[in-house]
Amino acid sequence: MLIGVDLDNTIITYDALFRRLADEGGFLADDGRMSKKEVRDTMWTQDGGHQAWTDIQALAYGPRIAEADAFPDALKFFRRCREQGVEVCIVSHKTEFAASDPERSCNLREAAMGWLEGHGFFAEDSALESDRVYFASTRQEKVNLIRELGCDLFVDDLIEVFEEPGYPDSAVPVLFVPIGTAPDSFSGEVCARWERMIERLGCGPLSVDLKRRVEAALDTAVGAAEPVGCGRNSRVYRIETEDGVFALKHYHDQFRLDAEFAAFAFLQGQGVTSVPEPVAVDREGGFAVYSFLEGEPVPEPTSQDIRACVEFMATLKRLSTVPAATGFRPAAEGFFRLEDIEGNIRDRLDRLEGRERTSALENDLAAFLKEDFEPALEKLAGRAQAIYAGLGLTPGQGIPRSQRTLSPSDFGFHNAVRTPEGLAFLDFEYFGWDDPAKLVSDFMLHPGMNVPDELRRAFASGILEVMGDPSLGGRVLALQPLFALKWCMILLNEFLRRDFDRRRFAGAAVGRTELLETQLGKARNMLKRALDVAQSETD
């Protein structure tokens with residue numbers, strides 16, 4: 001894998017420097033809000049602004065470039081590439097001297113190299129070598145270099161580079177758009193932050209610093225370390241030591257670390273062995289070590305697997321009454337009032353309707369939301385309120401503690417493995433108190449699980465029985481269509497650019513248009529399912 005990266009406005013951000021230079025020239029006050037483009041547009045409206053803009057460009061890219069900043073996490077990306085053995089290069093469209101510098105007093109390419117060195121991009125922990133920085137005098141020359149170098153992927157802030165004749169089909173285009181929106185004509189990968197590019201690299205090998213901290217936590221040397229799971233929230237490694245094999249989980253934030261470590265410690269302390277056993281934790285380092293559960297995925301669950309799931313949830317319900325259980329918070333989006341569940345769906349809808357328009361499918365999505373989704377939401381919300389009224393509940397009334405249960409929140413076979421001892425359950429980052437009606441509804445609706453309908457119904461029947469709550473069936477009847485609507489919103493998150501940017505590349509990139517068409521189709525199917533569920537229960 002060779003990743004090529006543009007330099008100006010992709011690695012180096014000039015916004016603050018251009019504001020400063022414009023302010024020094026008396027063209028605007030540096031209020032800290034204007035982007036480089038906004039500075040230019042403002043200057044062009046003033047007398048002498050065009051020439052002044054040319055002059056400050058020469059300063060920013062030349063003598064004053066040291067004052068420019070790197071985009072957040074750009075250097076971290078090059079360091080991660082070094083850890084993973086990914087080759088990188090920089091290909092920049094940059095002339096040797098500025099047009100407004102007839103005396104050739106400052107070589108712009110040398111200034112750029114000095115900036116890279118001064119900001120640590122040539123350091124030993126970075127994948128970038130100084131002889132892997134290439135400059136081109138024209139855009140066509142830049143594209144020729146990208147092709148000749150054999151870049152598998154190229155990151156640039158200008159769509160014109162990808163549209164230039166001769167841009168190689170073999171180089172996946174990634175448009176870097178830290179502000180604003182991507183042009184509708186661009187259907188490839190869009191990235192708003194370098195953090196997302198880091199996520200796309202995957203787990204990679206264990207870094208030297210993390211390995212050192214793990215060894216200190218375990219008080220033993222770590223031998224082999226193999227990535228076994230990557231996601232947007234954590235990275236998991238299988239590590240070998242003299243004391244045995246363990247699972248190392250490196251979290252993206254401490255909230256998930258604390259929730260999961262506390263959940264496993266609580267369950268193991270209560271004699272539950274079908275979850276990993278906590279071994280060590282380093283909150284400052286952002287990781288925890290657990291027993292490694294040797295097992296296989298569960299692609300085709302059986303009725304016995306369903307019984308194991310029901311028995312596990314029965315255990316959690318029983319443990320919900322022990323004193324230590326009171327210290328847990330609500331599970332992720334664990335709502336206990338009908339109005340909060342409906343409000344969560346409406347909040348998600350508002351985010352979608354307020355999204356940045358970045359796709360040619362925006363009209364299709366807008367029509368789906370206005371003509372199909374919103375009327376269904378009003379209909380199914382009214383239906384749920386009527387059912388709740390029949391149960392003696394108001395939309396603002398929460399279910400009592402006795403009807404709640406401890407739950408992993410994201411529960412199902414996608415977070416389970418089959419071990420010699422039976423099913424084991426993983427991923428408790430969102431563990432906490434929840435309404436069993438959500439547990440049942442999510443299991444029935446989850447689009448990522450290959451579970452036949454008869455087994456899903458068996459799970460629902462089993463949970464209704466073990467929870468011992470006479471009103472649970474009514475709440476499931478009311479809420480399952482609403483949770484289907486929530487799944488519609490989750491499926492459409494890809495229309496929010498920050499969520500689309502979480503998708504990591506793996507070989508060839510998935511076209512944005514193709515992906516959004518797929519997600520919109522899934523959302524339509526889920527909406528139909530919501531209405532069908534409500535209708536079947538009515539019939």
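**Close-up views of a predicted protein chain**

**View 1. Glu 333 in its loop.** Glu 333 is found in the loop that lies between helix α11 and helix α12 (338-353), in a model that is predicted. Although Glu 333 is not a glycine, its phi is positive, at about 50°. The relative accessible area of Glu 333 is 29%, so this residue is classed as partly exposed.

**View 2. Arg 104, a residue with positive phi.** The loop shown here runs between β4 (87-93) and α5 (108-118), and Arg 104 has its place in it. Arg 104 is not a glycine, yet its phi has a positive value of about 50°. Because its relative accessibility comes to 58%, Arg 104 counts as exposed.

**View 3. Helices α11 and α15 packed against each other.** Helix α11 (residues 303-319) packs with helix α15 (residues 453-467), the two axes being 9 Å apart and the angle between them about 25°. That angle makes α11 roughly parallel to α15, since angles under 35 degrees are counted in this way. The crossing that α11 and α15 form is right-handed. On the side of α11, the residues that meet α15 are Ser 303, Ile 306, Cys 309, Val 310, Met 313, Ala 314 and Lys 317, while α15 contributes Leu 455, Ala 458, Phe 459, Gly 462, Ile 463, Val 466 and Met 467.

View 4. Strand β7 spans residues 172-176 and is mostly covered, with four of its five residues buried. Strand β6 (residues 153-156) runs parallel to β7, and four bridges join the two; within this pairing, Asp 156 has Leu 175 in β7 as its bridge partner. Strand β8 (residues 189-191) also pairs with β7 in the parallel sense, here over three bridges, and Cys 191 in β8 is the bridge partner of Phe 176.

**View 5. The protein chain as the setting for these details.** The secondary structure of the protein chain comes to 18 helices and 17 strands. When contacts between residues at least 6 apart in sequence are considered, 70% of them join residues that are at least 24 apart.

Terms used: Residues numbered from 1 in each chain as written. Predicted model: local features only at pLDDT ≥ 70, side-chain atom pairs only at ≥ 80, totals over all residues. Heavy atoms only, no water. Contact = heavy atoms within 4.5 Å. Buried < 20%, exposed > 50% of the residue type's maximum accessible area, 1.4 Å probe, protein only. Pairing = 2+ DSSP bridges. Axes fitted to C-alpha atoms, helices over the stretch in contact; angles between N-to-C directions. Parallel < 35°, antiparallel > 145°, perpendicular 65-115°, else oblique. Left-handed = near helix turned anticlockwise from the far one by under 90°.
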